[in-house]
Amino acid sequence: MSRALRRYITVMALLLAALLAAIAYVVVAGYIARMMHPTHYAGLVSECAAEFGVPRSVIFAVIKTESSFRVDAVSPDGATGLMQLMPDTFDWLQSKSGESYTVDALCDPAVNIRYGTMLLAMLYGEFGRWDTVYAAYNAGLNRVRLWLSDPDISQDGTLTDIPYPETDSYVKKVETAAAEYRRLYDIE
């Protein structure tokens, strides 16, 4: 075998190895990204998305950000379940739906996702912007109404300077997660 042929084979082998390594990296990176952005409860999420007109990417992003898909999650303030609903908010939502559950039902994924999605839909109906919805989901509806009326915090119905660092960070996390769900799963 000639020296030129051996060199050619070596170069081709190195190129093939580099190509295979790049493919492996993409596959592994995609696998890790999907592991970090699971779609547990996809059937429930799809049902609630259809019922309330909330994008699945938004529901998954809120669940990921709120509880990391832990059905038994309870915050120090008492927010419970996958979508971390406060008992008072849950009671208020039930008064709107005409249904009646005990607070223990917040640990039921079907109930928690349904009522969390209902809240997201109601907030979107009021604010019409997902970033504002996320702020209200975290800081509360009335607090965001006050912020929107303050020209130091908002302009033209858009929050420009969220005064709570926790809420500002929360909005960014949910926006990032929703974008990642759309990218990874090609969902709305």
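Predicted model: local features only at pLDDT ≥ 70, side-chain atom pairs only at ≥ 80, totals over all residues.
Local features here need pLDDT of at least 70, side-chain atom pairs count only at pLDDT 80 or more, and totals for chains, interfaces and linings use all residues. Residues are numbered from 1 along each chain as its sequence is written, and side-chain values use heavy atoms, with hydrogens and water left out. Helices are DSSP runs (H or I, at least four residues), numbered from the N terminus.

**H6 against H8**
- H6 covers residues 130-139 and H8 covers residues 165-185; their axes come within 9 Å and cross at roughly 130 degrees. Axes are lines fitted to C-alpha atoms over the stretch in contact, and angles run from 0 to 180 degrees between N-to-C directions.
- That makes H6 and H8 oblique to each other (under 35 degrees counts as roughly parallel, over 145 as roughly antiparallel, 65 to 115 as roughly perpendicular and the rest as oblique).
- As for handedness, right-handed means the near helix is turned clockwise from the far one by less than a right angle, and left-handed means anticlockwise.
- On the H6 side, Asp131, Tyr134, Ala135, Tyr137, Asn138 and Ala139 meet Glu166, Thr167, Tyr170, Val171, Val174, Glu175 and Ala178 of H8; contact means heavy atoms within 4.5 Å.
- The residues of this H6 with H8 contact split into eight nonpolar, two polar and three charged (Ala, Val, Leu, Ile, Met, Phe, Trp, Tyr, Cys and Pro count as nonpolar, Asp, Glu, Lys and Arg as charged, and the others, Gly among them, as polar).

**The largest pocket**
- The largest pocket has a volume of about 860 Å³, a volume being the space filled by probe spheres set on grid points joined across faces, edges and corners.
- A pocket is an open set of points on a 1 Å grid over the protein atoms alone, where a 1.4 Å probe fits, with protein on both sides within 12 Å along at least five of seven lines; lining residues have an atom within 4 Å of a point.
- Its lining takes in 30 residues, and Met86, Tyr137, Asn138, Ala139 and Gly140 lie nearest the centre.
- H3 (56-67), H4 (87-97), H5 (109-127), H6, H7 (141-148) and H8 each supply at least two lining residues, with H8 giving the most, at five.
- By type, the lining has 13 nonpolar, nine polar and eight charged residues.

**H2 against H5**
- H2 (residues 42-52) packs on H5 at an angle of about 35 degrees, axes 9 Å apart, in a right-handed crossing.
- Leu44, Val45, Cys48, Ala49, Glu51 and Phe52 of H2 make the contact with Pro109, Ala110, Ile113, Arg114, Thr117, Met118 and Ala121 of H5. These residues come out as 10 nonpolar, one polar and two charged.
- Leaving aside residues up to four places away in sequence, Phe52 touches Arg114, Thr117, Met118 and Ala121.
- Phe52 and Leu120 sit 68 residues apart in sequence, yet 8.6 Å apart in space, C-alpha to C-alpha.

**H5 against H7**
- The axes of H5 and H7 come within 12 Å and cross at roughly 20 degrees, so the two helices are roughly parallel.
- Leu123, Glu126 and Phe127 in H5 meet Leu141, Val144, Arg145 and Leu148 in H7, a set of five nonpolar, no polar and two charged residues.
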